[in-house]
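Subject: Structure handover and notes

Hello,

Please find the structure below, with the sequence alongside. My notes on what turned up in it follow.

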Amino acid sequence: TSLAFPDNAKALFGAGSDLQIYHNATHSYIDNNTGNIYIRSNVDDDDGGNIVLEAKAGENGIIIADDGDVSLHFNGNSKLATTNTGIDVTGDVGGDSATISGDLTVDTDTLYVDSTNNRVGLGTDSPAKQMHIESSTGGTLRLSSSDTSVGAGESLGQIDWYSNDSSGSGSGVRAFVNVVENDGGLGRAYDMTFGTGQVATA
């Protein structure tokens, strides 16, 4: 036995017709005007049934698993799933910005941010200083110039020691190490220069 409703005829539920189900010849609607809408499985007992939403027949969109995860799918393939500790993402993650409150781990120790001690580790998941680089062959810090035609006197990179103490001569660079081209722009020889002082000029 079936109930047939013509286009725009509504099945009404509730004393105030708060729940309405209908089709307008183009789209189908479930309208609720009071409280929440509950879509439930395993109501009488735990029989292991899931709730599955499919945008196209046979192609999973959202799966709410019994006693398990909630997964979002793209073209039928799972891309994001909840876990007992957070979420699991399959594929790339893109966004305009991200704010993380807590530690950040990338590939165990490729990049590790210790939020408790405000330290960053590269090659280590236990950084001992604000920046800690570790490798079995020795950590390397590289400063590189993107200029493909280094001119005479141009810098390849500089390290500054900066003071925020505004008393006396004021805040500024107190010391620096710079590598400067010294071959008339031929790029074959470079000088390493050191500067110190109350307010060194880089």
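Arg 174 is found in strand E14, residues 172–181; helices (H or I, at least four residues) and strands (E, at least two) are DSSP runs, numbered from the N terminus. This is a predicted model, so local features need pLDDT of at least 70 and side-chain atom pairs count only at pLDDT 80 or more, while totals for chains, interfaces and linings use all residues. Residues are numbered from 1 along each chain as its sequence is written, and side-chain values use heavy atoms, with hydrogens and water left out.

To continue with Arg 174: a polar atom of its side chain lies 2.7 Å from the backbone oxygen of Gly 170. A polar contact here is a pair of N or O atoms within 3.5 Å; within protein, one must be able to donate a hydrogen and the other to accept it, and residues adjacent in sequence count only if both atoms are side-chain atoms. Arg 174 is partly exposed because its relative accessible area is 22%, where buried means under 20%, exposed over 50% and partly exposed in between (1.4 Å probe, protein chains only). Between Arg 174 and Thr 85 there are 89 residues along the chain, and their C-alpha atoms are separated by 46 Å.

Salt bridges

The count comes to 2 salt bridges, each being a side-chain nitrogen of Lys or Arg within 4 Å of a carboxyl oxygen of Asp or Glu. As background, side chains of opposite charge can pair when their charged atoms come close. One of the two joins Asp 183 and Arg 188, with the closest N and O atoms 2.8 Å apart. Asp 183 has a relative accessible area of 19% and is therefore buried, whereas Arg 188, at 65%, counts as exposed.

Glu 59 and Lys 56 form a salt bridge as well, with 3.8 Å between the closest N and O atoms. Glu 59 is partly exposed at 21% relative accessible area, and Lys 56 is exposed at 53%. Asn 77 belongs to strand E7, residues 77–82, and its relative accessibility of 45% makes it partly exposed.

Aromatic pair and the ring of Tyr 22

There is 1 aromatic pair, by a rule under which rings of Phe, Tyr and Trp (its six-membered ring) pair if their centres lie within 6.5 Å, with planes under 30 degrees apart counted as stacked, over 60 as edge-to-face and the rest as tilted. Tyr 22 and Tyr 29 form this pair, and it is stacked: the centres are 5.2 Å apart and the planes make an angle of 20°. Tyr 22 counts as buried because its relative accessibility is 17%; Tyr 29, at 31%, counts as partly exposed.

Lys 10 lies over the face of Tyr 22, at 4.6 Å from the ring centre. The rule for a charge over a ring is that NZ of Lys or CZ of Arg is within 6 Å of the ring centre and within 35 degrees of the ring normal.

Nonpolar surface patch

Phe 13, Ile 21, Ile 30, Ile 37 and Ile 39 make a nonpolar surface patch of about 500 Å². Patches are made of residues with over 30% relative accessible area and no salt bridge, like charges being joined within 9 Å and nonpolar side chains (Val, Leu, Ile, Met, Phe, Trp, Tyr) within 5 Å. Accessible areas come from the Shrake-Rupley method with a 1.4 Å probe; for residues, only the protein chains shown count as cover. Ile 21 is found in strand E2, residues 19–23, and is partly exposed at 37%.

Loops and positive phi

Most residues other than glycine have a negative phi. Ala 25, in the loop between E2 and E3, has a positive phi of about 80°. Its relative accessible area is 48%, so Ala 25 is partly exposed.

Asn 42 has a positive phi too, near 55°, and is found in the loop between strand E3 (28–32) and strand E4 (51–56). The side chain of Asn 42 makes a polar contact of 3.5 Å with the side chain of Asp 66. A polar atom of the Asn 42 side chain also lies 3.2 Å from the backbone nitrogen of Asp 47.

Asp 107 is in the loop between strand E9 (104–106) and strand E10 (111–114). Its side chain is joined to that of Thr 110 by a polar contact of 3.2 Å, and Asp 107 is exposed at 59% relative accessibility.

Regards
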